[in-house]
Amino acid sequence: MLAGGPAFALAVPLNYLLVHRLELGKPLAYALVLAMQMTVNFFVCHAFVFEPAPGSRLGRTFLIFVNGNVLFRLADWLVYTFLT
C-alpha cells in the first residue's frame with residue numbers, strides 16, 4: 001500500500017485536471033494517468049521495495065516492470081472506457 005499510495009494520491013487530481021481543465025477525453029486522460037501511475041510505482045518500488053541487481057540498467061528494469069503490469073493496466077483502461 002505504501003508503494004501504490006503516492007501514485008494513487010496523484011491520480012485523482014491529475015485525472016480531474018486533464019478532463020475538466022485541459023478538456024481531454026476521459027479515455028485519453030485515464031490512459032495518461034495509468035502511464036503516470038506505472039512510472040511513479042516503478043520509482044517508488046525501485047527505491048524502497050526491491051533491491052536492484054548489481055549492474056542492472058534502470059531502463060531495462062523499467063521495461064521489465066512495465067511488461068509485468070501492462071496487461072492489467074490495459075484491462076483496467078478497457079473496463080473504465082466501457083463504463084464511461
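This is a predicted model: local features need pLDDT of at least 70, side-chain atom pairs count only at pLDDT 80 or more; totals for chains, interfaces and linings use all residues.
Biologist: Which residues of helix 1 are buried?

Modeller: Ala7, Ala11, Asn15, Leu18 and Val19 are the buried residues of helix 1. Buried means under 20% relative accessible area, exposed over 50%, and partly exposed in between, with a 1.4 Å probe and protein chains only. Helices are DSSP runs (H or I, at least four residues), as strands are (E, at least two), numbered from the N terminus. As a general idea, an α-helix has 3.6 residues a turn, so residues three or four places apart point the same way. Here the buried residues of helix 1 pack against helix 2 and helix 3.

Biologist: How is the packing of helix 2 and helix 3 described?

Modeller: Two packed helices are described by the angle between their axes and the distance between the axes. Helix 2 (residues 26-48) and helix 3 (residues 58-83) pack at an angle of about 145°, with their axes 9 Å apart. The axes are lines fitted to C-alpha atoms over the stretch in contact, and angles run from 0 to 180 degrees between N-to-C directions. The contact (heavy atoms within 4.5 Å) involves, among others, Tyr30, Leu34 and Gln37 of helix 2 and Phe62, Phe65 and Arg73 of helix 3.

Biologist: Is Gln37 buried or exposed?

Modeller: Gln37, found in helix 2, has 10% relative accessibility and therefore counts as buried. Leaving aside neighbours within four places in sequence, Gln37 is in contact with Ala7, Phe8, Ala11 and Arg73.

Biologist: Where does helix 1 have a kink?

Modeller: The bend at a residue is the angle between axes fitted to the seven residues ending there and the seven starting there. In helix 1 a kink of about 25° lies at Ala11, shortly before the proline Pro13. Helix 3 bends by about 45° at Asn69.

Biologist: Is Leu10 buried or partly exposed?

Modeller: Leu10 belongs to helix 1 and, at 44% relative accessibility, counts as partly exposed. Not counting residues up to four places away in sequence, Leu10 touches Met36 and Val40. From Leu10 to Phe43 there are 33 residues in sequence and 14 Å in space, C-alpha to C-alpha.

Biologist: What is the phi of Glu23?

Modeller: Most residues other than glycine have a negative phi, and most peptide bonds are trans. Glu23 has a positive phi of about 60° although it is not a glycine. Glu23 lies in the loop between helix 1 and helix 2, and Glu23 is exposed, with a relative accessible area of 67%.

Notes:
Residues are numbered from 1 along each chain as its sequence is written. Side-chain values use heavy atoms; hydrogens and water are left out.
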